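Ready for some practice with helices and strands? Look over the model below, then work through each exercise before reading its solution.

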Amino acid sequence: MRIAIDTMGGDAGPAAAVQGAAAAVLARPGLQADLFGPGDRLSDELKNLPRHLAAAGSHLSVHHAPSLIRQDQRPTDALRRGGETSMAMMLKHVAARGSVAGVSAGNTGALMALARRELGTVADIPRPAICTAIPTRGDGRCYLLDLGANVDVSAGRLVDFARMGEVMARHVDGIAAPRVALLNVGSEGTKGSNAVREADALLAEVDALNYIGFVEGDGIFAGLADVVVCDGFVGNAVLKASEGLARMLIERVQATFDSHWSSRLVGMLARPALRRLKSELDPVRYNGASLLGLDGIVIKSHGSADATGFSYAVLRAAQEVSRDLPARLALELGGRN
């Protein structure tokens, strides 16, 4: 299995992407990665891999891409002038079946536009949605979409999101009948925007969905649903707020234990539990958002991801490949109304 990597999109440059790809290759036997970026720079990164990752070098291939897409670059400009960039060349490689999936930490808008042009969409989906899993009560997780690709959406698009998220949860996570909900400001049928209320009525008529109605923001983290649907503006705000809250809580707990000698003693005893809590809540563990609806697999890594975070995104891509997610979406959404 070969995964194509845009190494130049992240905030930290190619080091995090190269080392993250190396870690993923070592974690999953049979996985290989095609690295896109300036050839000399990537060759240097491979030569300087940390000792514990050095064995992955033979499974990583360099593909020269002389330029990159900036984080502030407009998608329209990327479409016109981005042909020689690491992102565009990575996506062309996926489209040509040189690799079975692509991963990038770059400009989200440009990635969406270029991926849609190179790969197309399944089942006449007009525009892909960004979807990721977030932690919930009891070691669970919930898929949230859309996360920013579609800011102003119709009821029909919300229904598409629900169906794509349900397919993801069922085939990737193995949930027999995922609970699907619409994010709203209340549980009453009179609340919410016109699009949300109309989508509620439409989803209630889809027999194939285990639709449970509206859920409020706290219900996401309580684990009330396996898939929660909203427009991209709301979804992005929820995601970023949850990431910030998780980091703040961890820092507050650590600061409380460090504030006094007696607290430090308790903190030493509680250190294993604190490490476990940090691991469970760390957004890095859930890095890797899917561009659902493409006729191919593309994963968006967080721009600030370190090597560990980037490796999760690569492994997420491999997991979706093993479940043949685009084919599942094409089959199950092809007959939608």
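**Exercise 1.** Work out how helix H6 and helix H12 are oriented to each other.

Solution. Start with a general idea: two packed helices are described by the angle between their axes and the distance between the axes. In this predicted model, local features need pLDDT of at least 70, side-chain atom pairs count only at pLDDT 80 or more, and totals for chains, interfaces and linings use all residues. Residues are numbered from 1 along each chain as its sequence is written, and side-chain values use heavy atoms, leaving out hydrogens and water.

Next, find helix H6 at residues 155-172 and helix H12 at residues 325-333 (helices are DSSP runs of H or I, at least four residues, and strands are runs of E, at least two, numbered from the N terminus). Their axes come within 10 Å and cross at roughly 130° (axes are lines fitted to C-alpha atoms, for helices over the stretch in contact, with angles from 0 to 180 degrees between N-to-C directions).

Finally, classify: under 35 degrees is roughly parallel, over 145 roughly antiparallel, 65 to 115 roughly perpendicular and the rest oblique. H6 and H12 are therefore oblique to each other.

**Exercise 2.** Find the strand S4 partner of Ile 5.

Solution. First, locate strand S1 (residues 2-6) and strand S4 (residues 101-104), which pair in the parallel sense over four bridges (pairing needs at least two DSSP bridges between two strands). Then look across from Ile 5: its bridge partner in S4 is Val 103.
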